[in-house]
Every structure is written in structure tokens, then in C-alpha cells.
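Here is a short briefing to read alongside the model.

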Amino acid sequence: MEPNLEDVGEQALAAERRYGDDAVEMITVRMIECLKLREYVEAGFWSAVANQLSGVQSIKTNFSPISFSEEIKPQANGC
């Protein structure tokens, strides 16, 4: 049974707001607890949340903002 992607996205955002950079770790702990209780569908859901959150956080950490501290000079081609 596939987890509802809307629910996965909502939980991923909620976890990131609540736990910040520790969100994936917290979700993984919850998933392991479900596995210990043999709640496999629930563990699958939290696994999907952790995967989505990992993707979001990797985008966030690989992003390097543009620095506007230097004066921007137009190039010869107008760009």
C-alpha cells in the first residue's frame, strides 16, 4: 500500500518546522519504533516522510546563495 503523497509532504514540512536539521533523525527513530512494534504500513509511511525530507534538506544544504556584495558590472554582451 502506497502512502498518500499529500500526507507525506505535510508531515515532512511539519517535522522540518518542529525539529529543523534533526528532523530526519527524529522521523527515523519513529520509523524504527514502528518496525519494532511490527507496524509495517506505518513504518513505510515514516520511511517515505524521511526520504522526502532528506531530499528537501539536501536541496537546502547544496544551495549556495548569490552574493551581491560586489558591484555588478554589465558584460559586453549586455548580460
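**The nonpolar core and its surroundings**

In this predicted model, the largest nonpolar core has 14 residues, and Ala15, Ile27, Phe45, Trp46, Val49 and Leu53 touch the most other members. A nonpolar core here is a set of buried Ala, Val, Leu, Ile, Met, Phe, Trp, Tyr and Cys residues joined through side-chain atoms within 4.5 Å. Buried means under 20% relative accessible area, exposed over 50%, and partly exposed in between, with a 1.4 Å probe and protein chains only. At least two residues of this core come from each of helix H1 (5–19), helix H2 (23–36) and helix H3 (40–62). H3 gives the most to this core, with 6 residues.

**Ground rules**

- Residues are numbered from 1 along each chain as its sequence is written, and side-chain values use heavy atoms, leaving out hydrogens and water.
- As the model is predicted, local features need pLDDT of at least 70 and side-chain atom pairs count only at pLDDT 80 or more, while totals for chains, interfaces and linings use all residues.

**Overall make-up**

- The protein has 3 helices and 0 strands, and its elements run α-α-α from the N terminus on.
- Helices (H or I, at least four residues) and strands (E, at least two) are DSSP runs, numbered from the N terminus.
- Of the 79 residues in the protein, 22% are buried.
- Among contacts (heavy atoms within 4.5 Å) with a separation of 6 or more, 65% are between residues 24 or more positions apart.
- Val49 is in contact with Val8, Gln11, Ala12 and Ile27, leaving aside its neighbours within four places in sequence.

**Helix H1**

- H1 has 15 residues and reaches 21 Å from its first C-alpha to its last, close to the 21 Å expected at 1.5 Å a residue; the expected span is 1.5 Å times one less than the number of residues.
- Val8, Gly9, Ala12, Ala15 and Glu16 are the buried residues to look for in H1.
- Seen down the axis of H1, its buried residues fall within an arc of 130°, so they line one face of the helix; the arc is that of the directions from the helix axis to the C-beta atoms.
- The face turned away from the buried side of H1 carries the exposed residues Glu6, Arg17 and Arg18.
- Glu16 lies in H1 and is buried, with a relative accessible area of 17%.
- Between the C-alpha atoms of Glu16 and Met26, 10 residues apart along the chain, the separation is 9.9 Å.
- Gly20 follows H1, and its phi is positive, near 60°.

**The largest pocket**

- About 150 Å³ of space lies in the largest pocket.
- Its lining is made up of Gln11, Ala14, Ala15, Arg18, Tyr19, Met26, Ile27, Val29, Arg30 and Trp46.
- H1 and H2 each supply at least two residues of this lining, and H1 gives the most, with 5 residues.
- On a 1 Å grid over the protein atoms alone, a pocket is an open set of points where a 1.4 Å probe fits, with protein on both sides within 12 Å along at least five of seven lines; lining residues have an atom within 4 Å of a point.
- Grid points are joined across faces, edges and corners, and a volume is the space filled by probe spheres set on the points.

- Thr28 lies in H2 and is partly exposed, with a relative accessible area of 27%.
- Thr28 and Ser47 are 19 residues apart in sequence, and their C-alpha atoms are 7.1 Å apart in space.
- Arg38 is found in the loop between H2 and H3 and is exposed, with a relative accessible area of 65%.
- Phi of Arg38 is near 60°, a positive value in a residue other than glycine.
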